[in-house]
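Hi everyone, thanks for coming.

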Amino acid sequence: MPKPFTVEDFTRRMARATEAAVSAGLSGLVITPGPDLVYLTGYQPTAITERLTALVLAPDREPTMVAPRLEIPDVQHAPGATALTLTDWTDGTDPYATLSPLLEPDGRYGISDSAWAMHLLGLQETLPRSGYRTLTRALPMLRAVKDADELERLASAGAAADEAFRSILNVTFAGRTENEVAADLARLLTEFGHSQVDFTVVGSGPNGANPHHEAGDRVIHNGDTVVLDFGGLKDGYGSDTTRTVHVGTDIPDEVSEVHGIVRRAQQAAFEAVRPGVACQEIDRVARAVITEAGYGEYFIHRTGHGIGLTTHEPPYMVEGEEQVLVPGMCFSIEPGIYLPGRFGVRLEDIVTVTETAGRRFNNTPHDLVAVA
């Protein structure tokens with residue numbers, strides 16, 4: 001088990017976040033329930049409801065959490081709570097009247113992407129001269145660079161997902177529905193230590209040509225190509241991997257060809273990972289391989305996304321993202337080719353940036369595996 005994060009860890013994170021906000025020209029940050037609040041304080045409400053909870057970080061005050069009085073005991077048990085000043089409000093009172101004195105009337109604040117619109121609008125009505133930017137836009141690197149403890153958790157999650165893939169190869173695919181195989185994947189992720197399963201994509205035959213197909217009642221047949229994309233959270237950090245398998249040993253030449261192209265694209269993108277390279281370059285490298293092979297129009301999504309406390313977070317490996325890679329960043333590399341009405345192929349690994357190159361957190365073979 002990784003060691004728990006300490007109050008000192010959360011104190012350092014809040015200090016860095018405050019400094020980053022000032023450097024971005026902001027007056028401070030308003031952090032609401034979600035991954036940002038977990039990252040900065042270790043606190044996650046038992047239930048995220050309409051009641052306002054917000055952490056305010058600003059250079060001129062101690063970190064302050066505003067929360068409903070009935071939830072203060074829960075806040076006090078959070079691992080970062082002793083680094084916070086707590087302020088409560090009660091049902092029947094105006095929570096924005098409690099929160100607004102912590103903000104400058106005409107300040108500019110970064111606010112969590114997960115903030116409810118009703119809370120943002122409530123703040124704007126109370127402080128009409130204030131302004132807000134989503135943290136994805138304002139501080140896209142807030143959680144992007146992982147420390148050693150976070151990297152350990154991500155490596156462990158990746159290894160557990162790998163074990164789930166190795167085990168799923170032993171189940172029967174032909175004659176069963178996608179939902180049944182997806183349930184096997186979910187069970188295996190849990191068996192190998194995941195506390196939360198976020199997705200278990202099983203895209204068989206023509207369903208594999210839809211990158212966002214999850215699983216359905218389609219019966220898998222001998223001769224189908226099947227995209228398996230699955231992941232979740234282990235020790236609070238995410239896994240996400242994709243492999244493509246073929247049902248039966250008679251693999252068509254076209255399927256082998258397409259799989260080989262995707263494999264080369266994924267490898268080329270991985271080899272491009274190093275500090276100082278722009279995120280968009282990883283997308284460009286993968287896309288160039290697929291385009292040169294004549295399948296560019298069938299690569300219809302970005303090459304990757306960040307991962308950490310959630311399985312999808314910034315920055316993204318996509319054209320137009322000029323953020324450069326730095327050691328400790330973690331993201332997916334997942335090129336694919338999707339032939340409408342026929343089949344799809346995707347290969348995905350989570351990688352991190354080292355001082356000189358990239359390191360994979362998924363290490364199962366990239367071969368096109370035949371399953372029963």
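So, how do α9 and α10 run relative to each other, roughly parallel or roughly antiparallel? Before I answer, some housekeeping. This is a predicted model, where local features need pLDDT of at least 70 and side-chain atom pairs count only at pLDDT 80 or more, while totals for chains, interfaces and linings use all residues. Residues are numbered from 1 along each chain as its sequence is written, and side-chain values use heavy atoms, with hydrogens and water left out. Helices (H or I, at least four residues) and strands (E, at least two) are DSSP runs, numbered from the N terminus.

Okay, the helices. α9, residues 253-271, packs against α10 at about 155°, and the axes are 8 Å apart. Those axes are lines fitted to C-alpha atoms, for helices over the stretch in contact, and angles run from 0 to 180 degrees between N-to-C directions. The two are therefore roughly antiparallel, a label for angles over 145 degrees. Who meets whom? From α9 we have Ile261, Arg264, Ala265, Ala268 and Ala269, and from α10 Ile282, Val285, Ala286, Val289 and Ile290; contact here means heavy atoms within 4.5 Å.

Threonine 303 is buried, at a relative accessible area of 0%; buried means under 20% (1.4 Å probe, protein chains only). Setting aside neighbours within four places in sequence, threonine 303 has contacts including Ile282 and Ala286, plus Ser332 and Ile333.

Those last two take us to strand β13, residues 330-333. Cys330 and Ser332 sit on one side, Phe331 and Ile333 on the other, and all are buried. Why two sides? Because in a regular strand the side chains alternate between the two faces of the sheet. β13 is joined to β16 (residues 349-353) by four bridges, running antiparallel, and phenylalanine 331 has valine 351 as its bridge partner.

Finally, there's an open sheet of six strands, ordered β4-β3-β2-β1-β5-β6, with mixed pairing; two strands pair if DSSP finds at least two bridges between them. At the edges are β4 (85-89) and β6 (131-134), each pairing on one side only. Inside that order, β1 (residues 28-31) and β5 (residues 108-111) run parallel, joined by three bridges. One of the partner pairs is valine 30 with isoleucine 111 in β5. Helix α1 (residues 7-23) packs on this sheet, touching β1 and β2 (54-57), and its direction makes about 65° with that of β2.

Terms used: Buried means under 20% relative accessible area, exposed over 50%, partly exposed in between (1.4 Å probe, protein chains only). Angles under 35 degrees count as roughly parallel, over 145 as roughly antiparallel, 65 to 115 as roughly perpendicular and the rest as oblique.
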